[in-house]
Amino acid sequence: MQAAPALKRLVDSILFIEQPITRAHALDGDISALSKVKPVIIDESDDDLGVLPRARDLGYAGVSSKCCKGLYKSILNAARCAKWNDDAGTPRYFMTGEDLTTQAGLAVQQDLALVNLIGITHVERNGHHYVNGMADLPESEQAALLAAHGGLYERSHGAVRLKIRGGRLDIASLAAPGFASGATPDWDTLKPMA
C-alpha cells in the first residue's frame with residue numbers, strides 16, 4: 001500500500017492496525033516490524049488478564065476496550081498503558097474502543113460510560129447498523145430509556161435508537177447513579193434463551 005501513490009491518502013489516514021493475525025496465532029510471533037510502520041493492537045485474542053503484557057513483548061502497541069471483555073480488564077489495561085507510557089516518556093501504548101454489536105439500551109450506555117471513564121474519546125459504534133434500534137424491546141422500556149437519555153436517543157423509523165449528530169453521541173445523561181442506567185429493563189418481558 002505504501003508503494004502505491006494512489007493509496008497515499010488512505011495509508012496516511014490509518015491510525016493503527018487491528019490484530020491482523022487470527023486469534024489462534026496472534027501471540028505466536030513478534031510483530032514489531034509491522035508495528036513500527038503503523039501501531040498494531042491486540043483485539044480478538046485478548047481473552048485473559050495476561051494477554052496485553054504478552055502482546056506488548058511481541059510488539060503490539062495497544063488493546064481494545066469492550067465491555068464484553070470485562071469492565072475491570074479495561075480499567076486495568078488503561079492503567080497499564082498509562083504506566084508504560086510514563087515509564088517510556090512517550091505515548092506509545094494506547095487503547096481503542098469498540099462495541100461489536102452492543103445493543104442500544106443499558107449495554108451501550110454502560111460501554112460508553114466505561115470508555116469515558118478510561119479516557120477514550122473515539123469509539124467504533126457499529127451495533128446500530130445491524131439492528132432496528134430498540135425495536136425488539138417493549139415500548140415501555142424504549143420510552144423509559146428515551147425519557148432518561150433524551151440526548152443519547154431519539155425516536156425514528158418506528159423505534160428508539162442512538163441519536164448520532166456529526167458523528168457524536170451526547171453522553172451527558174450517563175453521569176448518574178446506577179452505572180449509566182437511568183432506566184431499568186422491563187424485567188417482566190425478558191424471555192429465557194433457548
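Q: Which residues does asparagine 77 touch, not counting residues up to four places away in sequence?
A: In this predicted model, asparagine 77 is found in helix H4. Leaving aside residues up to four places away in sequence, the residues that asparagine 77 touches are Asp46, Leu52, Val63 and Met95.

Q: Is asparagine 77 buried or exposed, and what is its relative accessible area?
A: The cut-off for a buried residue is a relative accessible area under 20%. Asparagine 77 falls under that cut-off and is therefore counted as buried, its relative accessible area being 2%.

Q: How far apart are the end C-alpha atoms of helix H4?
A: Helix H4 covers residues 71-88, which makes 18 residues, and at 1.5 Å a residue the helix should span 26 Å. The model agrees with this expectation, because the distance between the end C-alpha atoms of H4 is 26 Å.

Q: What arc do the buried residues of H4 cover around the axis?
A: The buried residues of H4 are Lys73, Ser74, Asn77, Ala78, Arg80, Cys81, Trp84 and Asn85. They lie on the same side of H4, because the arc that they cover around the axis is only 160 degrees. The arc asked for here is 160 degrees.

Q: Which elements are included in what covers the buried residues of H4?
A: The face of H4 that is turned away from the buried side carries the exposed residues Tyr72, Asp86 and Asp87. For the buried residues of H4, the cover includes helix H3 (51-57), strand S3 (62-65), strand S4 (94-98) and helix H5 (106-117).

Q: Which glycine takes a positive phi just after H4?
A: The phi in question is about 70 degrees, and the residue that takes it just after H4 is glycine 89.

Q: What is the N to O distance in the salt bridge between lysine 66 and aspartate 43?
A: The side chains of lysine 66 and aspartate 43 meet in a salt bridge at 2.9 Å, N to O. This pair links distant parts of the chain, 23 residues apart, with lysine 66 in the loop between S3 and H4 and aspartate 43 in the loop between strand S2 (40-42) and H3. Both lysine 66 and aspartate 43 are buried, and the N to O distance between their side chains is 2.9 Å.

Q: How far apart are the closest N and O atoms of glutamate 139 and arginine 155?
A: Glutamate 139 is partly exposed at 43% relative accessibility, and arginine 155 is partly exposed with a relative accessible area of 41%. The two residues form a salt bridge in which the closest N and O atoms of glutamate 139 and arginine 155 are apart by 2.7 Å.

Q: What is the accessible area of the nonpolar patch formed by Met1, Leu7 and Leu10?
A: Methionine 1 lies in the segment before helix H1 (8-13), and methionine 1 is exposed, with a relative accessible area of 54%. Together with Leu7 and Leu10, Met1 forms a nonpolar patch on the surface whose accessible area is about 270 Å².

Key. Residues numbered from 1 in each chain as written. Predicted model: local features only at pLDDT ≥ 70, side-chain atom pairs only at ≥ 80, totals over all residues. Heavy atoms only, no water. Helix = DSSP H or I, 4+ residues; strand = E, 2+ residues; numbered from the N terminus. Expected span 1.5 Å × (residues − 1). Buried < 20%, exposed > 50% of the residue type's maximum accessible area, 1.4 Å probe, protein only. Arc of directions from axis to C-beta. Contact = heavy atoms within 4.5 Å. Patch = residues over 30% accessible without salt bridge, like charges linked within 9 Å, V, L, I, M, F, W, Y side chains within 5 Å. Areas by Shrake-Rupley, 256 points an atom, 1.4 Å probe, with all protein chains shown as cover. Salt bridge = Lys/Arg side-chain N within 4 Å of Asp/Glu carboxyl O.
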